[in-house]
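Work through the following exercises with the sequence and the 3D structure at hand. Try each task before reading its solution.

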Amino acid sequence: MFIERFIERPRHIEVQLLGDKAGNVVHLYERDCSVQRRHQKVVEVAPAPGLDPEVRKKMTDCAVHLAKHVGYENAGTVEFLLDSKGNFYFIEVNARLQVEHTITEEVTSIDLVQSQIRVAEGMTLPEMGLTQDNIKTQGFAIQCRVTTEDPANNFQPSTGRLEVFRSGEGMGIRLDSAATYAGAIVSPYYDSLLVKVISHANDLPASAAKMTRALREFRIRGVKTNIPFLLNVVGNQKFLSGALDTYFIDENPQLFMFKASQNRAQKLLNYLGQVLVNGPATPLATSIPPADITPYIPPVPLDLSPEAVKKYELTGENTAIKPPKGFKQILQEGGPEAFAKAVRQNKGLLLMDTSFRDAHQSLLATRVRTHDLLAASPYVAHNFSNLYSMENWGGATFDVALRFLHECPWERLEAMRRLIPNIPFQMLLRGANAVGYTNYPDNVVYKFCEMSVKAGMDIFRVFDSLNYLPNLILGMDAAGKAGGVVEAAISYTGDVSDPNKKKYDLKYYLNLADELVKAGTHVLCIKDMAGLLKPQAAKLLISAIRDKHPDVPIHVHTHDTSGAGVAAMLACAQAGADVVDAAADSMSGMTSQPSMGALVACLMGTEQDTKIPLQKVSEYSAYWEQARTLYGPFECTATMKSGNADVYLNEIPGGQYTNLQFQAFSLGLGSQFEEVKKAYREANLILGDIIKVTPSSKVVGDLAQFMVQNKLTAKDIEAKAEELSFPKSVVEFLQGAIGQPHGGYPEPLRSKVLKDMKRIDGRPGAEMPPLDFDKLKADIQETYPLITDYDVMSAAMYPQVANDFFRIREKYGPVKHLDTKTFLVGPTVGDSIEVKIERGKTLDIRTLAISDEMTAAGEREVFFELNGQLRSVFIKDETASKEMKIHPKAIKGDKNQVGAPMPGTVLSVKVKEGDKVEKGQAIAVLSAMKMEMIVQAPKAGTIQSVLITNGQKLEGDDLIVTIE
């Protein structure tokens, strides 16, 4: 039987000894090694804080006596456990120098390594001046072992290449390390210790402060380290007071709460390297390159008050004066009703600027980035305070920001609101479809509107692609309950001035207006998405609505595809409209909105005078004229050289026109675009002459391209409807997935296409169960722990697109801070760029070279100079590496794929293809850095493929198995 004494809450104290060949032994006092994890020392302190002097003397005397008794030579350590009553118990002797000897050297000023060598040479301790009465301690020293272990993942070993290594140094800091430099490889086959950091100061808190500073100054990239954990330890109040025992780590779980390193600079270098090696990360639509230009916009006036001047003297930052008050302040003070009343009572025509959304959606494929919107925002706030609103969100911008620009649309909205506090923001809400292209549970639409208002949105232009009232009213209710201004929109098609067009006549629109006013809209909008509203029709429609609803503000939206947009908006103003849409001159015309400058100039001196200075419009337009050249790859003028009045025949919405043209080119139908436009008109009539705006316009466009591709006429469609494989959007429309069209569905086409497929009667989303946001958040956090509620809503709108965005954001960081040319096509070798990642933090990046040679893993090294320091990244050449055999990686977030949680060697494979596994069942065992890890199945299923063998060496995330 073996019996051990149990010591409750012990301290682990070790005494440093030094002996010579003449029998002399001295102690160099003690070290406290109580901060342990799984009985492994983590942080050591010398001398032991708060140790009773009597206990210290007894302990050191015992250690010296023991060493003399056995005739001990050289350095050694006697280890004890100390209980709370001052009793100490011998553990063992380590007959060597220990890792933590450094702190003893610091507090005693005795070089233990040198002393050992002199003892080996035959010198005695007295000859070296090392007698017990001469050995004193001064201050406190702390040692932290920086290891390549991930404390957020149970201290799992982290291996790979040190992409960046910058140490923290300075007075009172000592570093003991070996192969720690940028480019060094941390192997899974050796100890994970990277560097020992030792601090020394007059007292323990001061020593801990030096340690904290040094650890914070470390920059280690490419591998995970335990630095976040060490910072929590040395900053803990119990540690600073010296009240330590071996339970310290176990009883302080807050030590494991870490703020993740953003690693923004290195991630951005990886993005730049990726674009340089593999080409643009977002698809470019044309061969027109982005211009090498920084668009100029006049600065805003500075605040010269004493307070602002003092701030400049302290920080070097100028402060702009506050912009003039606008309609935003009326909305804030009085709410939506007071806002609507003020709009109605305003003398003159009000304008909504679409440059921040619909204009670039129509002309530049919605690709304008936050970087360029924010650059113009202060100027807009100071010079266009009397705008009705700025349209800057919603519609396709939400999807495109995530999918192609790798930006968070919510962050864009918040950033614009900070810079434009005085102008109401307006967004386009697709009724029950929110900002998506499908139906959502009602609670998703309501929560979306609520979050939008909190992020800075004011006015919701709510429409439905079929003018289907149940969908419209749901969106109106959601926007209203969120506290927003409800601007219910009637989507316009046909021609009310043509007595031969009877389906969408004046009565139809007046009835719709009555219903929307009855439903509580604050503002009534006519949404002329294709630019079909001719001046004569505008007078008829607007004057009729004004007569019926004299107190409701009327807002008119149009596109200038035909070239008659300015004339139509002037007619609306004369007929009683309160607000019309316009875009900066250089962003107007064609499929965009009418020219702001033209409207301002035409109304000067009239009752509808906008009171906007034409000179300011011109300066604003000059900015966009330059900014537009940055987006050459998406320029609509690559295929469309002017407006075209044939829109009155084909009725293609402005926002769809250029997209349809680009799609035609991508499908090989570029030379047949005239045929596509004619087919669009035919497709519309085949489907029953429907309202055409997203997503119903997509239905018509898909059918038109389907007809041209397959050389089908309207008669062919009718005759072969039962045997053709129609586009998915067409089938879903006929099923009722986007609502009910005015006048019903086309028969017998619907019956022929659907046969026995399911039909939806009524509002499509009415029967959908509420979305569990908490569950969705928890599911996403399994892969991306740091997501926000905004991210969760993005995932609710676009699950796959959002997941791809999260992956790209985690890999490449805040690419939104890059200038547009660099973002699209990468930097030029030899040139420098500045990237402001936050206030006071600017990266100066110079691209130096790209290696011609590839590594065995198919990677090329790309060299940069970051803030004067050489850095490099390895980028897989996706073209050249196709011919190489490289182990595949598990796709993050795909729960059917199981990747290696760490680099290492496969000890055993526990499954084979076809095996059925339960969640948590062992799949394989890996080994690295003295640690074995069992890889478990993340879910139950059948093993589809096994990609590893025993003894195989794996990198992190290498694919192990796939599960179905």
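**Exercise 1.** State which residues of helix H9 are buried, and which elements they pack against.

Solution. Begin with the buried residues (buried means under 20% relative accessible area, exposed over 50%, partly exposed in between, with a 1.4 Å probe and protein chains only). In H9 these are Phe-327, Lys-328, Gln-329, Leu-331, Gly-335, Pro-336, Phe-339, Ala-340, Ala-342 and Val-343. Next, look for their partners: the buried residues of H9 pack against strands S15 (350-353), S18 (459-462), S19 (485-491) and S22 (579-582), and against helix H13 (409-419), where contact means heavy atoms within 4.5 Å. Helices (H or I, at least four residues) and strands (E, at least two) are DSSP runs, numbered from the N terminus.

The model is predicted, so local features need pLDDT of at least 70 and side-chain atom pairs count only at pLDDT 80 or more, while totals for chains, interfaces and linings use all residues. Residues are numbered from 1 along each chain as its sequence is written, and side-chain values use heavy atoms, with hydrogens and water left out.

**Exercise 2.** Describe how the aromatic ring of Phe-339 is paired, and what the pair ties together.

Solution. Rings of Phe, Tyr and Trp (its six-membered ring) pair if their centres lie within 6.5 Å; planes under 30 degrees apart count as stacked, over 60 as edge-to-face and the rest as tilted. The structure holds 32 aromatic pairs. In one of them, Phe-339 and Tyr-388 lie 5.5 Å centre to centre with 45° between the planes, and the pair is tilted. Phe-339 belongs to helix H9 and Tyr-388 to the loop between helix H11 (370-383) and strand S16 (389-394), so the pair ties together parts that are 49 residues apart in sequence. Both Phe-339 and Tyr-388 are buried.

**Exercise 3.** Locate Lys-692 and identify the side chains with which its own side chain makes polar contacts.

Solution. Lys-692 is found in the loop between helix H23 (673-686) and helix H24 (696-709), and this lysine is buried, with a relative accessible area of 1%. Its side chain makes a polar contact of 2.9 Å with the side chain of Glu-651, and another of 3.3 Å with that of Asn-684. A polar contact is a pair of N or O atoms within 3.5 Å; within protein, one must be able to donate a hydrogen and the other to accept it, and residues adjacent in sequence count only if both atoms are side-chain atoms.
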